[in-house]
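Subject: A structure for you to look at

Hi there,

Here is the structure I promised to pass on to you. Have a look at it first, and then read on for what turned up.

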Amino acid sequence: MKTKICFIFSIIFLMCTALVSAKGFKLEKKDFSIIRSDGTSVVVRAELAVTPEARAFGFMERKKIPSGTGMLFVFENDQILHFWMKNTPHPLSIAFITSDGRIKDIFDMTPYSLSDTNSTGYVRYALEVPQGWFKEQNIKTGDRIVLDF
């Protein structure tokens with residue numbers, strides 16, 4: 001029983017720490033090229049979420065995300081990724097990306113939704129952009145992002 005209570009308090013502490021920490025720091029921004037299947041490219045300016053705190057906070061509480069910008073979530077290992085829109089008022093689209101930069105999935109996500117949006121296979125990265133941006137730019141599954149960091 002004591003172990004269970006300690007575990008629960010640890011989880012709550014880590015979640016609170018993540019929220020407080022993520023709000024107080026600036027994320028590095030970097031331009032990435034996305035190469036479409038026809039060989040043309042488009043650039044997205046993405047904030048890099050590389051720490052667990054930054055990944056946990058993401059775009060929470062952001063009311064406006066300009067077109068052509070996004071957030072690239074960087075993970076240490078390939079895995080099935082799970083995202084939700086808790087406390088996120090701006091509608092987003094998410095691309096799940098393999099370790100070699102191939103876009104595996106693209107999904108739209110609903111503001112404030114607690115439903116998971118999951119990758120359909122093992123991926124290393126996720127790119128969130130304003131909803132509809134991938135479609136507007138004719139970016140599809142199979143296209144590649146140049147990950148030069």
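Let me begin with a question: which residues does Ile 97 touch, not counting residues up to four places away in sequence? They are Leu 72, Arg 102, Ile 103, Val 123, Arg 124, Tyr 125, Leu 127, Ile 145 and Leu 147, where contact means heavy atoms within 4.5 Å.

Some ground rules before going further. This is a predicted model, in which local features need pLDDT of at least 70 and side-chain atom pairs count only at pLDDT 80 or more, while totals for chains, interfaces and linings use all residues. Residues are numbered from 1 along each chain as its sequence is written, and side-chain values use heavy atoms, with hydrogens and water left out.

**The strands**

Helices (H or I, at least four residues) and strands (E, at least two) are DSSP runs, numbered from the N terminus.

**The cores**

A nonpolar core is a set of buried Ala, Val, Leu, Ile, Met, Phe, Trp, Tyr and Cys residues joined through side-chain atoms within 4.5 Å. Buried means under 20% relative accessible area, exposed over 50%, and partly exposed in between (1.4 Å probe, protein chains only). The largest core has 18 residues, and those touching the most other members are Ile 34, Leu 72, Ile 97, Leu 127 and Trp 133. At least two residues each come from strand 1 (29-35), strand 2, strand 3, strand 5, strand 8 and helix 3 (133-136). Strand 2 gives the most, with four residues. There is also a second, separate core of 17 residues, including Phe 73, Leu 81, Phe 83 and Phe 96.

**The aromatic rings**

Rings of Phe, Tyr and Trp (its six-membered ring) pair if their centres lie within 6.5 Å; planes under 30 degrees apart count as stacked, over 60 as edge-to-face and the rest as tilted. That rule gives five aromatic pairs. One of them joins Phe 73 and Phe 83 edge-to-face, at 4.9 Å centre to centre with 80° between the planes. Phe 73 lies in strand 3 and Phe 83 in strand 4 (residues 82-83), so the pair ties together parts that are 10 residues apart in sequence. Phe 73 is buried at 1% relative accessibility, and Phe 83 is buried at 8%. Trp 133 and Phe 134 also form an edge-to-face pair, at 5.8 Å and 65°, and both of these residues are buried. Ring pairs link Phe 73, Phe 75, Phe 83, Phe 96 and Phe 107 into a cluster.

Thr 117, in strand 7 (residues 117-118), is buried at 13% relative accessible area. Among the residues that Thr 117 touches are Phe 83, Phe 96 and Phe 107.

Most residues other than glycine have a negative phi. Asn 87, however, has a positive phi near 60°; its place is the loop between strand 4 and strand 5 (92-97), and Asn 87 is partly exposed at 35%. Tyr 112 has a positive phi too, of about 65°, and is found in the loop between strand 6 (103-109) and strand 7.

Enjoy exploring!

Best wishes
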